[in-house]
Amino acid sequence: MRTGFVAVAALFVVACEASGGGERTLTAFAASSLTEVFATVELEFEADHPDVDVVVNLAGSSTLATQLLAGAEADVFASADTIQMDRVTEELVPIVGPQVMATNSLVLVVEEGNPAQIGGVEDLARDDLVVVLGAPEVPVGRYASELLEEAGVEAVEASYEANVRTVLSKVELGEADAGIVYRSDVGSADVDAIEIARQLNVTATYPIAAFDAGEPDLAASFVDFVMSAEGESILAEAGFTR
Amino acid sequence: MSLSVDVAVRRPGFDLEATFEVASGQVVAVAGPNGAGKTTLLRAITGLERVERGRVVVGDITVFDSSAGIDLETERRGVGMVFQGYWLFPHMTVAENVAFAARGPAGRWIEGLGLGDLADRYPSELSGGEAQRAALARALAAAPRALLLDEPLAALDVETRRQVRSELARHLAAVDVPVVLVTHDPLDAALLADWMLILENGRVTHSGTLTEVTRRPRTPWAARLAGVNLYRGEGIGKGIVIEGVMLAVPEPVDGPALAAIAPSAVALHEERPAGSPRNVWRGEVVGIEPAGSRLRVSVRGDLDIVAEVTTEAAETLRLRESAEVWVAVKASEIETYPA
Amino acid sequence: MNRRSPLVWAVAWVGISFLALPLVALVARVPWARLAEILASSAARSALWVSLQVSVTALVVSVVLGTPLAWVFARRDFRGRSLLRTLALLPMVLPPVVAGVALLLAFGRRGILGQHLEALAGVIIPFTRTAAVLAAGFVAMPFFVSSAEAGFASLARGYEEAAATLGVGRWRRFRRVVLPMVAPNLAAGAAMAWARALGEFGATITFAGNVPGVTQTMPLAVYLQLEQDPEAAFVLAVVLLAISVMVLAGARAFGRSR
């Protein structure tokens with residue numbers, strides 16, 4: 001019984017170590033809307049740097065900023081808006097950037113097949129609809145509320161979610177009739193996307209910065225990679241623009 | 001209003017069958033050794049125990065009849081019960097307990113059972129005897145059409161038991177519904193009841209008055225009953241006169257009274273004893289019988305009496321039939337009851 | 001064995017510090033100067049009101065549904081009792097967000113029951129006050145049931161039997177004999193259930209979402225304020241702490257008074 005326990009513990013430790021195969025770790029905090037982008041970036045970067053293990057922490061940009069300010073160690077921070085990046089750079093001095101790595105725009109998503117027959121953002125004022133948006137401090141939520149204010153639309157009793165992916169999934173699951181997410185989020189999700197008029201739509205800017213958390217050279221080269229042509233094509237594939 | 005009982009209860013490893021009838025105002029004691037099924041019998045009458053087959057009639061209402069499919073819930077049978085544990089509601093005062101299910105004002109029951117000073121106390125503050133009275137008052141206040149008492153004195157210490165027994169006898173005499181009282185103490189059976197049933201191993205072995213039952217005891221337990229010395233006499237204050245013999249008693253008693261002396265309280269001596277016992281008389285041994293590990297000695301004399309002694313004592317006294325002995329009974333060992 | 005063991009005391013002190021330090025830190029970091037302003041803000045008042053309404057409703061539901069359930073568990077033996085009991089107590093140990101997902105799958109718009117509710121009656125549960133109550137009730141009810149069941153089971157039957165022989169019917173027996181005697185257990189269970197309902201987060205945010213004024217309870221407000229105005233979050237957190245302390249103290253005082 002005791003040998004069994006020791007064996008399992010040993011396996012556990014080995015598994016933890018083996019998950020990257022690397023001696024060096026790079027920690028990147030990235031906004032949830034960058035989920036797929038950073039998954040690809042992680043693979044490519046690790047392929048170029050076999051001794052590096054990239055660890056990505058995904059959440060709403062405001063949550064990430066709070067964590068960084070509370071002392072979490074990250075080599076790279078990629079935010080979905082400049083406000084959250086500014087919060088961080090006020091306290092922590094970056095070694096590279098912030099630089100704008102991508103831009104994004106908003107899109108209205110509805111249940112597949114659009115059973116509620118939603119035409120545009122003005123329909124979000126309908127009180128027969130269940131609407132989900134990002135919370136005000138989450139970039140996508142801030143953008144959405146700017147947009148709605150511009151359009152003179154008030155979403156009645158909307159639910160304010162903690163990050164953009166939760167907004168998307170609630171529409172995907174059919175629990176909500178409509179939500180506002182980034183164009184890049186639509187991807188292969190089971191939702192229908194409705195365009196938002198250009199004059200109303202906002203441009204979301206994604207700044208990226210590198211910090212000295214023990215691996216300054218690695219952090220800098222990661223940012224360089226994202227800013228390179230290869231990085232640009234990964235972003236473009238995911239629906240972002242530079 | 002009478003109580004008619006005919007029940008058969010079956011449980012794994014145990015079965016009980018009993019048939020009897022109690023008339024209004026009568027007190028019948030169900031006596032017997034522990035485990036005989038006495039409590040089960042009471043619970044069967046109240047409906048707290050499942051009855052296999054039988055019929056229970058309270059007054060003119062059939063509360064249970066297996067052949068007719070009648071089985072009234074306990075609360076509708078009108079059969080009151082004083083449990084061995086009393087089960088007074090701890091969150092209510094004595095007065096609230098008695099009034100809880102009372103038909104009519106509870107005051108007369110509180111006063112009638114001497115609970116006036118205790119009315120605002122809580123059950124946890126009562127002594128054993130007081131709790132018993134409160135439980136009885138509570139049961140009587142609900143105007144039952146029959147009353148059952150399960151070992152009413154068992155929870156009391158020896159000292160209290162005597163006093164409470166005589167009080168209980170008084171209260172039961174005033175109750176005019178059929179009363180069934182369960183006890184394992186032959187003294188209770190002898191002194192509280194009009195007649196008795198002896199229940200052993202789930203079957204009734206004897207039925208009748210004390211005299212009838214003890215005349216020819218058919219089982220050892222009944223024989224124990226036979227050993228109780230019970231006399232009728234006239235109380236004259238600190239003494240009681242029985243067949244011309246005056247016995248000093250601890251409690252003053254006046255008028256027609258009963259006196260009970262437990263066989264184990266009877267001391268036998270070769271010569272007239274000196275010292276404290278004030279009740280002393282001479283007699284002749286007319287019978288010696290084994291009773292468990294002791295001997296039961298019947299003595300004829302100024303007062304006929306049965307004594308219970310150890311075999312060693314019998315040896316020392318050289319007891320044999322026709323031997324002359326002196327009988328001594330301490331006054332404190334005599335229990336008296338108004339007849 | 002009255003010798004004081006230094007080692008035992010030392011470890012005990014570590015334990016106490018572990019539990020007490022975060023609470024002390026919370027109280028210490030509250031921006032007392034801004035207390036009035038933050039508490040007066042409509043967001044704070046709205047969250048507090050929602051929390052009170054949701055938690056009290058969830059408590060009432062827990063008590064009304066939970067008392068008969070606890071009674072049945074305590075007093076009746078039937079096939080499957082063991083399994084049902086385990087199910088009924090499961091939400092106590094289930095991770096709250098798992099509870100939220102489960103609630104979505106049952107009562108959500110594509111849920112087992114929820115889909116029919118929408119199709120037949122146009123009733124949508126997620127993101128409503130009802131959803132918040134369901135989420136809070138789901139995780140809180142087992143606390144009440146567990147305590148109530150223990151109370152009913154430990155009550156000696158003799159009291160009810162005696163009441164029955166007095167001619168008192170079932171309902172009156174329950175009201176005047178059983179309930180007063182198990183009141184401490186019920187109160188303790190209710191206190192714990194209410195506290196749990198008040199603090200519910202994971203299931204609420206997943207199933208009921210975060211709709212200000214409707215489902216944004218205090219815990220949700222704290223979580224989101226942390227990223228917007230941390231000091232406001234501290235104030236709301238300390239209010240929740242104060243309420244919890246009062247609930248605990250109240251329950252203990254009630255238990256002792258009996």
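Predicted model: local features only at pLDDT ≥ 70, side-chain atom pairs only at ≥ 80, totals over all residues.
Start with chain C. Twelve helices, zero strands. Read along the sequence, the pattern is α-α-α-α-α-α-α-α-α-α-α-α. The C-alpha trace spans about 70 × 65 × 30 Å along its principal axes. Chain C has 258 residues, and 42% of them count as buried. Now contacts within chain C. Take those between residues at least 6 apart in sequence: 77% of them join residues at least 24 apart.

Next, one helix pair. Look at H3 of chain C, residues 42-75, and H7 of chain C, residues 129-154. Their axes come within 6 Å and cross at roughly 35 degrees. The crossing is right-handed. What classes of residue make up the contact of H3(C) with H7(C)? It divides into 21 nonpolar, six polar and three charged.

On to the core. The largest nonpolar core holds 243 residues. Within it, A:Phe77 and B:Val98 touch the most other members.

Set aside its neighbours within four places in sequence. Then A:Phe77 is in contact with A:Phe29, A:Leu64, A:Leu68, A:Met85, A:Val88, A:Ala209 and A:Phe211.

Last, chain C against chain A. The contact takes 15 residues from chain C and 16 residues from chain A. On the chain C side, helix H11, residues 218-228, has the largest share, with four residues. By class, that side has eight nonpolar, four polar and three charged residues.

Technical notes. Residues numbered from 1 in each chain as written. Chains lettered and ligands numbered in written order. Core = buried A, V, L, I, M, F, W, Y, C linked by C-beta atoms within 7 Å. Buried ≥ 20, exposed ≤ 12 C-beta atoms within 10 Å, placed from the backbone. Helix = DSSP H or I, 4+ residues; strand = E, 2+ residues; numbered from the N terminus. Contact = placed C-beta atoms within 7 Å. Nonpolar A, V, L, I, M, F, W, Y, C, P; charged D, E, K, R; others polar. Axes fitted to C-alpha atoms, helices over the stretch in contact; angles between N-to-C directions. Left-handed = near helix turned anticlockwise from the far one by under 90°.
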